[in-house]
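Please study the sequence and the structure before reading each solution.

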Amino acid sequence: MKLLFLACLSPKTGNHTTAERIRSHIESAGHTCELRDAAEFQSPAEVADLVARNPPFEGALAIHLFRAGRLLLDIHVPFGVIFGGTDINEDVKVEQKRVVMEQVLLKARFAVAFSDKLKEEAELFLLSQSSKIYVQPQGIQTEAAEKFCWTEFLRSSGVSNECVDELRVFLLVCGLRRVKDPLYLAEVFSEWHCENPLNVFVIIGPKIDPALTAEVEAVVQSRGLLGPGEEPTGASCSHEKVLRRGQQLRLGGHVSSHLGGHGSRGTRVGQGHPRKCSRGAA
């Protein structure tokens, strides 16, 4: 089965990683999957033209109902959509976007939410389509690098404490960009650290937004905290894969059954696909 997969593919984002991971496992289930950046297209008509080209696509998939799903409204093949956090946390607040998202959900053959809460909120804010929304829990499995030393990692990041084993380290993995603004956490942890030096807050992730990075660095310096580093001595590589937790949606077979193709039913979203690490620290 030949599928078109639309997503926002900004570099160093979880959205990009998720899209690559799902594409990989759709293909491992026996399908052909062409992943394209939603930013390449200006209108649904452009996507409809692409889908109809010879050899035509037989189905489509999109991450984010508004950002990418709206581009599938004019196609004449079945498609599925995957809810993004931005759909429910931001886009539903804008009436024009909410209406478009409802149109996408009504036309979609199926929809996937990464948590029960996300599904519940989608049903609350959008037209009830409960029967077509499936919950696919996700999780992160981390594996430390073979030569990794926790003590040396903390020291190289600026944490100087003789009682390393007694430290309570809170690790936040996120790129420095406005939607993932960690400043409020940094301020709270700064006060907490002053009360008890054993409480340590570490941020690992790439510097995506230069303006926000400058703000974070300014707060760090003003409070005497550790400065963000572009490439610290790394802690662990993340392997994003679905952890066994309740009923799992097997996307390979799900695409087949809902979009009309034939493929393996044994592939779960994210099974065994490693996420490349980009590290920074604060």
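**Exercise 1.** How many disulfides does a search of the whole structure find?

*Solution.* The model is predicted: local features need pLDDT of at least 70, side-chain atom pairs count only at pLDDT 80 or more, and totals for chains, interfaces and linings use all residues. Residues are numbered from 1 along each chain as its sequence is written, and side-chain values use heavy atoms, with hydrogens and water left out. A disulfide is a pair of cysteine sulfur atoms within 2.5 Å. The search finds zero disulfides.

**Exercise 2.** Determine where Arg98 and Glu102 lie relative to each other, and whether they are buried or exposed.

*Solution.* Step 1: a salt bridge is a side-chain nitrogen of Lys or Arg within 4 Å of a carboxyl oxygen of Asp or Glu. Arg98 and Glu102 form one, with their closest N and O atoms 2.6 Å apart.

Step 1: helices (H or I, at least four residues) and strands (E, at least two) are DSSP runs, numbered from the N terminus. The two residues are separated by about one helical turn because they are four residues apart in helix H4 (residues 95-107).

Step 2: buried means under 20% relative accessible area, exposed over 50%, and partly exposed in between (1.4 Å probe, protein chains only). Both Arg98 and Glu102 are buried.

**Exercise 3.** Which parts does the pair of Glu215 and Arg178 tie together?

*Solution.* Step 1: the side chains of Glu215 and Arg178 meet in a salt bridge (2.9 Å, N to O).

Step 1: Glu215 lies in helix H8, and Arg178 in the loop between strand S8 (168-173) and helix H7 (183-195), so the pair ties together parts 37 residues apart in sequence.

Step 2: Glu215 is partly exposed at 34% relative accessible area.
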